[in-house]
Amino acid sequence: MTTETAVAIEGLVQRRAHFELGPVDLNIPKGYVTAIVGPNGSGKSSLFRLMLGLARPDSGGVRLLGEQVRGEDRVSLKTRIGYVPEEAIDIEDRLSGEAKSAFVRQWYPGWDVNYYRELLRRFEVDPALKLGKMSKGMRRKFELSLAMAHHPELLLLDEPSSGLDPIAWKTMIDALHRFMERGDRTIVMASHIIDEVRRLADYIAFVAQGKVLGMYEKDALLEAWQTMYVDAGGRTLPWKEMPGYRSCDLAGGTTYKVVTEQAFEAEQWLAAAGAVLVSKRKLELDDILLNLTEHARGVY
Ligand SMILES: Nc1ncnc2c1ncn2[C@@H]1O[C@H](COP(=O)(O)OP(=O)(O)OP(=O)(O)O)[C@@H](O)[C@H]1O
């Protein structure tokens, strides 16, 4: 079975005075949650704006749900998408939640008022408040409810949980899990919260310095990165030739502690080299992402 693509990014480049994004080539599968992960300033929000046609690329293009994204309003496409930007829009501060939702819902034939109210209730948001008077977290929850109320096929979330307290965070995770239950919906989210990535993401696109350095299936990533304790029997092995080599330290005696991002192949290599695998354990997701970040910064 071939997986359909929800977001197809091809040769995307955006040049700014002090920052260049791209070229980015990325296919995000339909029916899954993909997390865009990367250090501050790596270009995640810029990528979101380009995906939505809110900024213009210097070259390349984006297709969302099979439709080419252009700068001008594409109403038919927008009705199929929900978006929560990283920052709230200041000029809306004087609008009440109710006024904003009355304005927004006229664009969406699929607007589901019952679902919208249910989300507000679960998030404990009072829509009568002016947006500028809502706390940061409440405004975030309001925007999330608004973005989901028309049952979009594709939900784009830029740091969705920024400002949420732990209870609201759990409610959000739960709402997003339910949103995905039908199996044909897609979420693309930028996130710094490891627990969020762990609980929600099926795929992780790792971004650094304006480039997508890799797209990984989360479970495969967690399987592939391992720390191994290896008894080399007093010999020095060419560790850097070990598949997926990341680091090697002497752990004591003739035992080495090695980190690989290709556990299966590394184990075979060790066996062929006659080394004894004493023990192994998987890395935590945060350690993997830290490793990828340090690698991208050229620490190694
Ligand atoms: N409107 C703009 N004009 C010029 N440069 C910009 C603009 N917006 C962002 N940048 C620059 O583009 C780069 C990427 O910023 P972006 O906000 O996309 O990163 P990010 O990965 O979302 O960061 P964070 O994790 O901190 O939210 C930064 O160097 C930033 O200074």
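Trainee: What makes strand 7 and strand 8 a pair, and how many bridges join them?

Mentor: First, this is a predicted model, in which local features need pLDDT of at least 70, side-chain atom pairs count only at pLDDT 80 or more, and totals for chains, interfaces and linings use all residues. Residues are numbered from 1 along each chain as its sequence is written. Two strands pair if DSSP finds at least two bridges between them. Strand 7 (residues 154-158) is joined to strand 8 by 5 bridges, so the two count as paired, and they run parallel.

Trainee: Why is the crossover from strand 7 to strand 8 called right-handed?

Mentor: The term applies if, with the strands pointing away from the viewer, the path from the first strand over the helix to the second runs clockwise. The chain passes from strand 7 through helix 6 (residues 166-180) to strand 8, and this β-α-β crossover is right-handed.

Trainee: Which strand is joined to strand 8 by 4 bridges?

Mentor: Strand 3 (residues 33-37) is, and it runs parallel to strand 8. Within this pairing, valine 33 stands opposite isoleucine 187.

Trainee: Why is strand 8 described as largely enclosed?

Mentor: A residue is buried if 20 or more other C-beta atoms lie within 10 Å of its own, exposed if 12 or fewer, and partly exposed in between, with C-beta atoms placed from the backbone. In strand 8 (residues 186-190), 5 of the 5 residues are buried, so the strand is largely enclosed by the rest of the structure. Thr186, Val188 and Ala190 point one way, Ile187 and Met189 the other, and all are buried.

Trainee: How do you know whether valine 125 is buried or exposed?

Mentor: Valine 125 has 23 C-beta neighbours inside 10 Å, and therefore counts as buried. Its place is in the loop between helix 4 (113-123) and helix 5 (136-148).

Trainee: Which residues are in contact with valine 125, leaving aside its neighbours within four places in sequence?

Mentor: Contact requires C-beta atoms, placed from the backbone, within 7 Å. On that basis valine 125 is in contact with Gly97, Leu120, Met138, Lys141, Phe142 and Ser145.

Trainee: What share of the protein chain is buried?

Mentor: Buried residues make up 36% of its 300 residues.

Conventions. Two residues are in contact if their C-beta atoms, placed from the backbone, lie within 7 Å.
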